[in-house]
Amino acid sequence: MLGLIAMVSLTRRRLLGQAVSAAGALAAGAPLARTAGVTPNPLRIVIAGAHADDPESGSGGTIARLSDAGHEVVILYLTRGERGIQGKTYDEAGRIRTAEAQKACEILKARPAFAGQVNGKVEVNYARYDEYLKILEGEQPDAVFTHWPIDTHEDHRATSLLVYDAWLSMKRKFALYYFEVMTGMQTSQFWPTHYVDITATEARKRASCFVHASQKPEEFYAVHDQMNRCRGMELGVKYAEAFIHHAQSPEATLPT
Ligand SMILES: [Zn+2]
């Protein structure tokens, strides 16, 4: 058994080598923009999640790093989390969760945007593909981060498919990265290609998750705290977030 563990560990270390070098450049303060210097050419980055709290928990530390570096970050929520509060009507819950999302975006210095679907009634069809494509075309992103499609939550899967279809329609021109949420409970089969050191921004990530007071943040953040630490161990830092880069998309965001 020990031999097996050692072999797995060695294999993972070897596999992670490339990713560590990418994250290492970021950790060392390398600019994310295409040109060197203090972001003279800031990127437009969309973080696409299903519900208020998904982009924050999956990539809040990275969002803070990107916005601090001068990049324009838009958090695009597919829904307003209308089904997410027991005992509240969809309208009431939507209002409460929109306000929480706006607070989270202030903490992360991102601009909130809403794609107009309703939590609990999310649709994936040709009309919705067109609608989502128009939103992303309007944003003209250099990079989009979204849910990994193998996830127990139907709305997470829907968001991932909507982004993927738009990426195909836009001729694969933006960098496409996937983030993980509640790994083991929701996201599964997630083997990262890139890591970002969020040690310096973990406190803001935590704060952006805890403003989602309607969602029992102490419970969901406990899982993400373990994930941040685990990914940090893999990278060799205290806290990290991990991503899967679509190999057919450009790498406009994370430097190599
Ligand atoms: Zn969610």
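For sorting lining residues, Ala, Val, Leu, Ile, Met, Phe, Trp, Tyr, Cys and Pro count as nonpolar, Asp, Glu, Lys and Arg as charged, and the others, Gly among them, as polar. The model is a predicted one, with local features needing pLDDT of at least 70 and side-chain atom pairs counting only at pLDDT 80 or more, while totals for chains, interfaces and linings use all residues. Residues are numbered from 1 along each chain as its sequence is written, and side-chain values use heavy atoms, with hydrogens and water left out.

Starting with the overall layout, the protein chain has 7 helices and 7 strands; helices (H or I, at least four residues) and strands (E, at least two) are DSSP runs, numbered from the N terminus. Along the sequence these follow the pattern α-β-α-β-α-β-α-β-α-β-β-α-α-β. Of the 256 residues in the protein chain, 52% are buried, where buried stands for under 20% relative accessible area, exposed for over 50%, and partly exposed for in between (1.4 Å probe, protein chains only).

Next comes the metal site. The zinc ion has His51 (ND1), Asp54 (OD), Asp54 (OD) and His156 (NE2) as its protein donors, at 2.1 to 2.5 Å. Donors here are N, O and S atoms within 2.8 Å of the metal (3.2 Å for Na, K and Ca), and since water is not among the atoms, sites may look incomplete. The arrangement is irregular because the 4 donor atoms subtend angles of 54 to 135° around the zinc ion. For reference, four donors count as tetrahedral if all angles lie between 85 and 135 degrees; four count as square planar and six as octahedral if opposite donors are over 155 degrees apart and all others between 65 and 115; anything else is irregular. The spacing of the donor residues in sequence reads H-x2-D-x101-H. Histidine 51 sits in the loop between strand S1 (44–49) and helix H2 (54–68), and histidine 156 in helix H5 (residues 154–169), so the pair ties together parts that are 105 residues apart in sequence. Histidine 51 counts as buried because its relative accessibility is 7%, and histidine 156 counts as buried because its value is 1%.

On a 1 Å grid over the protein atoms alone, a cavity is a set of points where a 1.4 Å probe fits but cannot get out, a pocket is an open set with protein on both sides within 12 Å along at least five of seven lines, and lining residues have an atom within 4 Å of a point. Grid points are joined across faces, edges and corners, and a volume is the space filled by probe spheres set on the points. The largest pocket holds about 530 Å³. Its lining has 21 residues, with Asp53, Gly84, Arg97, Gln186 and Gln215 nearest the centre, and splits into 4 nonpolar, 11 polar and 6 charged. H2 and helix H7 (217–235) each put at least two residues into that lining, and H7 has the largest share, 3 residues.

Searching the whole structure turns up 2 cavities of 30 Å³ or more. The largest cavity, about 50 Å³ in volume, has a lining that includes Ser57, Glu180, Lys205, His224 and Arg231. H7 gives the most to this lining, 4 residues, while H2, H7 and S7 each supply at least two. By class, the lining of the largest cavity comes to 3 nonpolar, 4 polar and 4 charged residues. The second largest cavity, with about 30 Å³ of space, is lined by Arg44, Ile45, Val46, Glu72, Val74, Glu139 and Pro141.

Lysine 171, in the loop between H5 and strand S5 (175–179), has a positive phi near 60° despite being a residue other than glycine. This lysine 171 counts as exposed because its relative accessibility is 71%. Lysine 216, in the loop between helix H6 (202–210) and H7, likewise has a positive phi, near 50°.
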